[in-house]
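User: I am new to this structure. Please show me how to read a few of its features.
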Amino acid sequence: MTSSLLLMNPALSWTDTVTTAALRARRWRSPISAMIPNIHLPMRSLKVKNRTSVDDIKSLRLITAVKTPYLPDGRFDLEAYDSLIHMQIINGAEGVIVGGTTGEGHLMSWDEHIMLIGHTVNCFGTSIRVIGNTGSNSTGEAVHATEQGFAVGMHAALHINPYYGKTSLEGMVSHFEAVLSMGPTIIYNVPSRTGQDIPPMVIHTILQNPNMAGVKECMGNDRIKGYVDKGIVIWSGNDDECHDSRWAFGATGVISVASNLVPGLMHELMFEGKNPSLNSKLMPLIKWLFQEPNPIGLNTALAQLGVIRPVFRLPYVPLPRARRLEFVRIVESLGCENFIGEKDVEVLDDDDFILVGRY
């Protein structure tokens, strides 16, 4: 073996050939696994890379989880979308969540998702804070989408804990740390959808990151109070609890679904002090919105108001006619002038709705 190596390469010394032969004879061993450092060079510095600061995000009181409307072929209806955002701005919303659960981000490709974030920033980014839902149960996808979201100018990211597959608490911390390096971030806790609570221990661990803006919390006002007492910024994720969250438990504000329909009333609820009377008046609408999983009720209501086409991406389908009749009565009770749009509310026939399975 050694002589053949010398013949193949006369430049090798006797010592070189013996060493080479010995190395080849050794049994190959797998290297010890190690976590690759979180290296995102464009985002490594603590300087603000986008158009806002973490403190700006922390001050927002009314953030609307905005609906994404569709054309009859299932593509985005950007004209209707722009109108929805404009109505949020003129009625006092300070931020929008783009491509969240309400905006059906889970029914979008990532190309659609990032395009819509960029479109919102380009058209409205100087008038309202654009918070992109770039979360995923895959850390790799969440990292890539968040890089792209900040690259197109979003002001902050919304991140959920890994759902369905789930992970350990240590894995949850590592998942959030992988995305927090990139810019202002809101963590979203909604165990009814993810199947796993984000416990306070996880939040307290990642709180030291300067990009941590706060938490959208859906686990009730006792949890909110515990965070607020420790100086953590919290937004209620539940429209039916947000009045008390804000005025009795110290939440900064709400990330709202109902504000898609009545942004002016939700602004009043968050900005103008305790108002149990208004809160009670809004309860029938809020209960109606969530009788089926969100965004089914909202999609139906916006179509009845004539501000979007009655187009649904499956698996969502409209509420039945009896429930649509209920919505007409709710609008009449609260006052048509408090709802977005300029058309009269309609019941709509079942045949008016278009259900799109390929999109």
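User: Which residues gather in a patch of negative charge on the surface?

Analyst: This is a predicted model. In it, the patch of negative charge is made by Asp-344, Glu-346, Asp-351 and Asp-352. Take Asp-344 as the example. Asp-344 sits in the loop between α15 (321–334) and β10 (354–356).

User: Is Asp-344 buried or exposed?

Analyst: Exposed means over 50% relative accessible area. Asp-344 has 65% relative accessibility, so Asp-344 counts as exposed.

User: Which residues form the nonpolar patch on the surface?

Analyst: Leu-314, Val-317, Leu-355 and Tyr-359 do. Together they have about 320 Å² of accessible area. Tyr-359 belongs to the segment after β10.

User: How is Tyr-359 classed by relative accessibility?

Analyst: Partly exposed lies between the buried limit of 20% and the exposed limit of 50%. Tyr-359 counts as partly exposed because its relative accessibility is 40%.

User: Now the backbone. What should I expect of peptide bonds and phi in general?

Analyst: Most peptide bonds are trans, and most residues other than glycine have a negative phi. Now look at the cases here that depart from that.

User: Where is a peptide bond cis, with omega near 15°?

Analyst: That bond runs from Asn-294 to Pro-295. Pro-295 is found in the loop between α13 (276–289) and α14 (296–304).

User: And which peptide bond is cis with omega near 20°?

Analyst: The one from Leu-314 to Pro-315. Leu-314 also belongs to the nonpolar patch. Pro-315 lies in the loop between β9 (311–313) and α15.

User: Is Glu-104 buried or exposed?

Analyst: Buried means under 20% relative accessible area. Glu-104 is at 0% relative accessibility, so Glu-104 counts as buried.

User: Which residue has a positive phi of about 65° although it is not a glycine?

Analyst: Tyr-164. Its loop runs between β4 (156–160) and α7 (169–180).

User: Why does Tyr-164 count as exposed?

Analyst: Tyr-164 is exposed because its relative accessible area is 77%.

Technical notes
Residues are numbered from 1 along each chain as its sequence is written. This is a predicted model: local features need pLDDT of at least 70, side-chain atom pairs count only at pLDDT 80 or more; totals for chains, interfaces and linings use all residues. Side-chain values use heavy atoms; hydrogens and water are left out. Patches are made of residues with over 30% relative accessible area and no salt bridge: like charges are joined within 9 Å, nonpolar side chains (Val, Leu, Ile, Met, Phe, Trp, Tyr) within 5 Å. Accessible areas come from the Shrake-Rupley method with a 1.4 Å probe; for residues, only the protein chains shown count as cover. A salt bridge is a side-chain nitrogen of Lys or Arg within 4 Å of a carboxyl oxygen of Asp or Glu. Lys and Arg count as positive and Asp and Glu as negative; His and the chain ends are not counted. The place of a charge is taken as NZ of Lys, CZ of Arg, CG of Asp or CD of Glu. Helices (H or I, at least four residues) and strands (E, at least two) are DSSP runs, numbered from the N terminus. Buried means under 20% relative accessible area, exposed over 50%, partly exposed in between (1.4 Å probe, protein chains only).
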